[in-house]
Amino acid sequence: MESASDYHHAKALLDWQIELGATEAIGDLPVNRYEVPEKAEKPVVTQAPVTAPKAAKVDAVADARALAQAAGDLEALRAAMAAFEHCELKRGARNLVFADGNPAARVMIIGEAPGRDEDREGRPFVGRAGQLLDKMLAAIDMDRKAEDAERAVYITNVLPWRPPQNRDPKPEEIAMLLPFVERHVALVKPQVVVLMGNISCQAGLGRRGITKLRGTWTEAYGTPCLPMFHPAYLLRSPGAKREAWADLLELQARLRGAT
Ligand code: URA
């Protein structure tokens, strides 16, 4: 039980703090105010509650579509994506990773999502997988830095923000970012699209199974497309480089008008 002296001692401490300018009572431990308490106490209602108007449900996909459609060029598209607030990934990312390379290129590569290095630099495919991608492209005389559209490539990802711990994107994240990818392809108008890995196939073709899909021409975003193994997969499974090489030759042949 509290004694009177405890009370007076506590009150004196409080008065002293108020004198020092304290205006708010805080605890020793930080409080995470974003955390919703498990059970909010129910207010005692003595009269009919005034119901607040229901907040309109946000249709993130429709918003993305409207923003993307309104973008008349790549800079406007980048700005539209930067202004898109419905994707939680944005809050955990350091940078928007939009694209790299030459937009005049005949080949547009679509990867999955930025990793740590891409998130830091704000450019796609700059980490280990990106370095391997550059080597793969060099093997067929292509280069993201090339000014000559014949040799150039343009590179982007399905997701412009890094997922935490590089986890797979959720279907709803892919769905709300897809309108931007579609618009991106429509603005670049590449001759061919290369879909790197399963997530990119999921977004562009609506299905996974890269082992079966790779190496066979199909169509995505209204454009001829070639699914290929993701370079990150090739780093883990170097034995699959043989198929990747075959796919690169297939891409080269197509660009030369041979297939
Ligand atoms: N993997 C991807 O799919 N994209 C990047 O930008 C980097 C790694």
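A pocket, on a 1 Å grid over the protein atoms alone, is an open set of points with protein on both sides within 12 Å along at least five of seven lines. A molecule sits in a pocket if more than half of its atoms lie within 2 Å of its grid points. The model on screen is predicted.

**Stop 1: the ligand.** Select the ligand. The space that the ligand takes is the largest pocket.

**Stop 2: the shell.** Next, select the residues around the ligand: Gly111, Glu112, Ala113, Glu118, Pro124, Phe125, Asn157 and His230. Sorted by class, this shell consists of three nonpolar, three polar and two charged residues.

**Stop 3: polar atoms at the ligand.**

- Ala113: a polar backbone atom of Ala113 is 3.1 Å from a nitrogen atom of the ligand.
- Phe125: here an oxygen atom of the ligand lies 2.8 Å from a backbone N or O atom of Phe125.
- Asn157: the side chain of Asn157 has an N or O atom 2.8 Å from a nitrogen atom of the ligand.

The ligand taken alone exposes 230 Å², and the protein buries 92% of that.

**Stop 4: salt bridges.** Side chains of opposite charge can pair when their charged atoms come close. How many salt bridges does the structure hold? The count is 13.

Select Arg123 and Asp100 as one of these pairs: their side chains meet in a salt bridge, with N to O at 2.6 Å.

Then select Glu88 and Arg91, whose side chains also meet in a salt bridge, at 3.5 Å from N to O. Is Glu88 buried or exposed? Glu88 counts as exposed because its relative accessibility is 55%, and exposed means over 50%. Arg91 has a relative accessible area of 48%, so Arg91 is partly exposed.

Technical notes. Residues are numbered from 1 along each chain as its sequence is written. This is a predicted model: local features need pLDDT of at least 70, side-chain atom pairs count only at pLDDT 80 or more; totals for chains, interfaces and linings use all residues. Side-chain values use heavy atoms; hydrogens and water are left out. A residue is near a molecule or strand if one of its heavy atoms lies within 4 Å of it. A polar contact is a pair of N or O atoms within 3.5 Å; within protein, one must be able to donate a hydrogen and the other to accept it, and residues adjacent in sequence count only if both atoms are side-chain atoms. Accessible areas come from the Shrake-Rupley method with a 1.4 Å probe; for residues, only the protein chains shown count as cover. On a 1 Å grid over the protein atoms alone, a cavity is a set of points where a 1.4 Å probe fits but cannot get out, and a pocket is an open set with protein on both sides within 12 Å along at least five of seven lines; lining residues have an atom within 4 Å of a point. Ala, Val, Leu, Ile, Met, Phe, Trp, Tyr, Cys and Pro count as nonpolar, Asp, Glu, Lys and Arg as charged, and the others, Gly among them, as polar. A salt bridge is a side-chain nitrogen of Lys or Arg within 4 Å of a carboxyl oxygen of Asp or Glu. Buried means under 20% relative accessible area, exposed over 50%, partly exposed in between (1.4 Å probe, protein chains only).
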